[in-house]
Amino acid sequence: MKIPSLLLRFPHCSFSRRTYFPNFHFASRVDFLCIESLTPAQHYQTKWICSSNGLRRELCQQVAPDQQVEELSDREQRLVDRLYSGLIQGHRACLAESITLVESTQSRKKKIAQVLLQKVLSYHREQEKLNQGKPLAFRVGLSGPPGAGKSTFIECFGKMLTERKYKVSVLAVDPSSSTSGGSLLGDKTRMTELSRDMNAYIRPSPTRGTLGGVTRTTNEAILLCEGGGYNIVLVETVGVGQSEFAVADMVDMFILLLPPAGGDELQGIKRGIIEMADLVAINKADGDLVVPARRIQAEYVSAMKLLRKRSKVWRPKVMRISAKTGEGISDMWDKMTEFRDLMLTSGELIAKRRKQQKVWMWNLIQENMLEHFRSHLAVKDKIPLLEEKVLRGVLSPGLAADLLLKAFKDSL
Ligand SMILES: Nc1nc2c(ncn2[C@@H]2O[C@H](COP(=O)(O)OP(=O)(O)OP(=O)(O)O)[C@@H](O)[C@H]2O)c(=O)[nH]1
């Protein structure tokens, strides 16, 4: 294996490079060694990481951008170039068009979208290197039951951030729109003031697709927003389904927004979501609702003490805010930046992002494999027949699955 370049090296550790690369004449002590190699034949980039735990190989990039570019027609290439340059110059129209492209289910458009994404990723890597390896944007997930005040909060919070010279993008994940035909997020006029702000970009939820599809495009939309210079990316979801679990796997910090109501009114909220929250904000702590908000805050503070510790440096916080009056919003941002800084300096943020990349990869594989399986010639025609036999009870589901899987494997 050709190992062309040494990227990182941290001193202070007892670890001999000679152990792993006998042909290399190494300096004696290194803590962490990271070597990247690009093997064009294999079409992927490999990163070798040595630590005191041994040597491991990580797959980093699918394909170098210029290898894919060759496959595009001149017209498609011009489209990629136009979107890319518009995007990195911060044109909102190009960002919107790029997100529409990644949301497309048409195979040619999907291919063009992947080329664009690769270009954006390369740009992203360069920018991160210039930023001393620190992430360019803070990715925040926001979830809460309908009526908790998410739009009111985003409007108030977003305006505060743009006034502080941040560029904010808001992405909505709402797979309910694909199943129920109506969108909980995005349909009505929400965040009217923020949507007029030149330093904010609001993307309503895509109106079709499975949860897997919507989350894939949301992950890609996050990258595009970051490429467009947005340094705060808010991903909003309704906390009554599965989407919030998917969102928690895309962001640096996960926030749960709750109204000052207990028990019955929060039935839809799953316990699991509370466990994922890095910060719980009890909204509407104004007027007559201050007292119930205090009570709910105390309840959550004690409940969260019992939860499993997920970070070495951060204990989830419970705060009271009012999105209507703006009270507590600035303090909440202070807590959020405290979280980001602690996670960054401890290395947990980077580790979390790496893990998320892996989850993302497996989600994509799962989704694509199933699609590939269902449409494969060896099984496509057999599926209706076997399904029907399973429905009539003349064939067990296990045996039907075995038959289909065998037909698929034999054809490989
Ligand atoms: N008193 C008070 N009311 C609030 C506050 N924030 C939101 N509301 C009200 O709560 C209602 C719901 O607010 P939204 O912002 O639409 O809530 P949402 O979570 O976005 O709701 P969905 O769009 O249905 O998911 C509205 O009538 C708001 O005016 C607050 O801080 N205090």
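These notebook entries record what I looked up in one predicted structure.

**Entry 1. Ground rules**

I worked with a predicted model, in which local features need pLDDT of at least 70 and side-chain atom pairs count only at pLDDT 80 or more, while totals for chains, interfaces and linings use all residues. Residues are numbered from 1 along each chain as its sequence is written, and side-chain values use heavy atoms, with hydrogens and water left out.

**Entry 2. The chain as a whole**

I noted 17 helices and 11 strands in the chain. Helices (H or I, at least four residues) and strands (E, at least two) are DSSP runs numbered from the N terminus. Of the 412 residues, 45% count as buried. Buried means under 20% relative accessible area, exposed means over 50%, and partly exposed lies in between, with a 1.4 Å probe and protein chains only. I then looked at contacts, where contact means heavy atoms within 4.5 Å. Among contacts in the chain with a separation of 6 or more, 69% come from residues 24 or more positions apart.

**Entry 3. Aromatic pairs**

How many aromatic pairs does a search of the whole structure find? The search finds 8. Rings of Phe, Tyr and Trp (its six-membered ring) pair if their centres lie within 6.5 Å; planes under 30 degrees apart count as stacked, over 60 as edge-to-face and the rest as tilted.

I examined tyrosine 84 and tyrosine 123: their ring centres are 6.3 Å apart and their planes stand at 90 degrees, so the pair is edge-to-face. This pair links distant parts of the chain, with tyrosine 84 in helix H3 (residues 74–88) and tyrosine 123 in helix H5 (residues 107–130), 39 residues apart. Tyrosine 84 is buried at 17% relative accessible area, whereas tyrosine 123 is partly exposed at 22%.

I next examined tyrosine 166 and tryptophan 333, an edge-to-face pair with 5.4 Å from centre to centre and 75 degrees between the planes. Tyrosine 166 lies in the loop between helix H6 (150–163) and strand E6 (168–173), and tryptophan 333 lies in helix H13 (residues 329–346), so the pair ties together parts that are 167 residues apart in sequence. Tyrosine 166 is partly exposed at 22% relative accessible area, but tryptophan 333 is buried at 3%.

**Entry 4. Charges over rings**

A charge sits over a ring if NZ of Lys or CZ of Arg is within 6 Å of the ring centre and within 35 degrees of the ring normal. I found arginine 340 over the face of phenylalanine 138, at 5.4 Å from the ring centre. Lysine 167 lies over the face of tyrosine 230, at 4.5 Å from the ring centre.

**Entry 5. Nonpolar cores**

A nonpolar core is a set of buried Ala, Val, Leu, Ile, Met, Phe, Trp, Tyr and Cys residues joined through side-chain atoms within 4.5 Å. The largest core has 49 residues, and Leu95, Ile99, Leu116, Leu224, Phe254, Val280 and Ile282 touch the most other members. Helix H5 gives the most to this core, with 6 residues.

**Entry 6. Aspartate 278**

Is aspartate 278 buried or exposed? Aspartate 278 is buried, at 5% relative accessible area, and is found in the loop between helix H11 (271–276) and strand E10. A polar atom of its side chain lies 2.8 Å from the backbone nitrogen of phenylalanine 254. Beyond neighbours within four places in sequence, aspartate 278 is in contact with several residues, among them Asp252, Arg310, Trp314 and Lys352.

**Entry 7. Exposed loop residues**

I finished with residues in loops. Glutamine 132, between H5 and strand E5 (138–144), is exposed at 66% relative accessible area. Its phi is near 55 degrees, a positive value in a residue other than glycine. Lysine 165, in the loop between H6 and E6, is exposed at 72% and has a positive phi near 75 degrees. Glycine 287, in the loop between strand E10 (279–282) and helix H12 (290–305), is exposed at 63%.

Note on methods:
Polar contact = N/O pair within 3.5 Å; in protein donor to acceptor, adjacent residues only side chain to side chain.
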